[in-house]
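Colleague: Could you walk me through reading a strand inside a sheet? I'd like the general idea and then the case at hand.

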Amino acid sequence: MDELLVALDTNGLYLERDLLQARRDGLARRLPAPESAGIWSGRRCWLGWYPPDTSEASAGDLWFDPVEISLMVLIPQTQEDLAELAALPPRFLARQTPFVGWVSVRQMAVWQAMGCSLVAGRDLLVDTDAGPPHAAVAGVPPALAWDIALFLGKATCDPDYWEAAHEALSAEELTDMWPDDAPEHAGEVNSGFWIVVGRDDVLAGTPWDNDLGDSFPYLHASYPAPGVRFRTAVSSQLGIINPNDESKSWTAIGRRRAAMAGNE
């Protein structure tokens, strides 16, 4: 892990360095996010293999995933959805949570995508001008972006997360999460066809509008998607999912421990 910490420091990824070191040192199960977290500093930040139980966490909490080496924020459901939940019979409420889920505060970087694809044995196709390893990865076909996220037990971030995030987070926080005007993969809508979400639509609170014109129509699973980025998300209903069997989403993933064991 020492080599990884040095690499993170060398590339200016101080947030990831600080939280990974805190996780390694076992300082606490949770702590205030460090100054290197920028706009997120001071928030309660959980450390661990998996997100905290929803009974312990609060909206706006952070979770540092030491497997993806990614900081995620917990997004509550919209007020409208919460009102609908409150009207349900108690037997249904037992299977619901007041949260949509966890969303990565940064788009996946080149080095993260390359690492996942190498371990998973997949070829990674990216834009030729992808930039340095710590830059956001772009040009990954939507199905491969999904596979990379699923390898981590996660999904790509879809409009449902962004709709709730627009209500829960400030404009400054949303802008910090999405600093560049580049679209993101947003999941599969029809068998084999995928959508992208535009930054302006997210900042306006209308992620389903997809006002990208003809630049990014529904994409085929294998379409290279030049310029399109992606980030991971974790549903509060499903939690970390088993990448080998999506029908058993409640199954703990041993590979998360295996992946981290090599960094201890």
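Modeller: Gladly! Buried means under 20% relative accessible area, exposed over 50% and partly exposed in between, with a 1.4 Å probe and protein chains only. Helices (H or I, at least four residues) and strands (E, at least two) are DSSP runs numbered from the N terminus. This is a predicted model, where local features need pLDDT of at least 70, side-chain atom pairs count only at pLDDT 80 or more, and totals for chains, interfaces and linings use all residues. Residues are numbered from 1 along each chain as its sequence is written, and side-chain values use heavy atoms, leaving out hydrogens and water.

Colleague: Why is strand β4 largely enclosed by the rest of the structure?

Modeller: Seven of the seven residues of β4 (residues 70-76) are buried, so the rest of the structure largely encloses this strand.

Colleague: Which way do the side chains of β4 point?

Modeller: In a regular strand, side chains alternate between the two faces of the sheet. Here Ser70, Met72, Leu74 and Pro76 point one way and Leu71, Val73 and Ile75 the other, and all are buried.

Colleague: Which strand does β4 form a hairpin with?

Modeller: Strands pair through backbone hydrogen bonds, parallel or antiparallel; pairing here requires at least two DSSP bridges. β3 and β4 form a hairpin with four residues between them, and isoleucine 69 in the turn has a positive phi of about 60°. Four bridges join antiparallel β3 (residues 62-65) and β4, with aspartate 65 opposite serine 70.

Colleague: How many bridges join β4 to β5?

Modeller: Five, with β5 (residues 99-104) running antiparallel to β4; proline 76 stands opposite phenylalanine 99.
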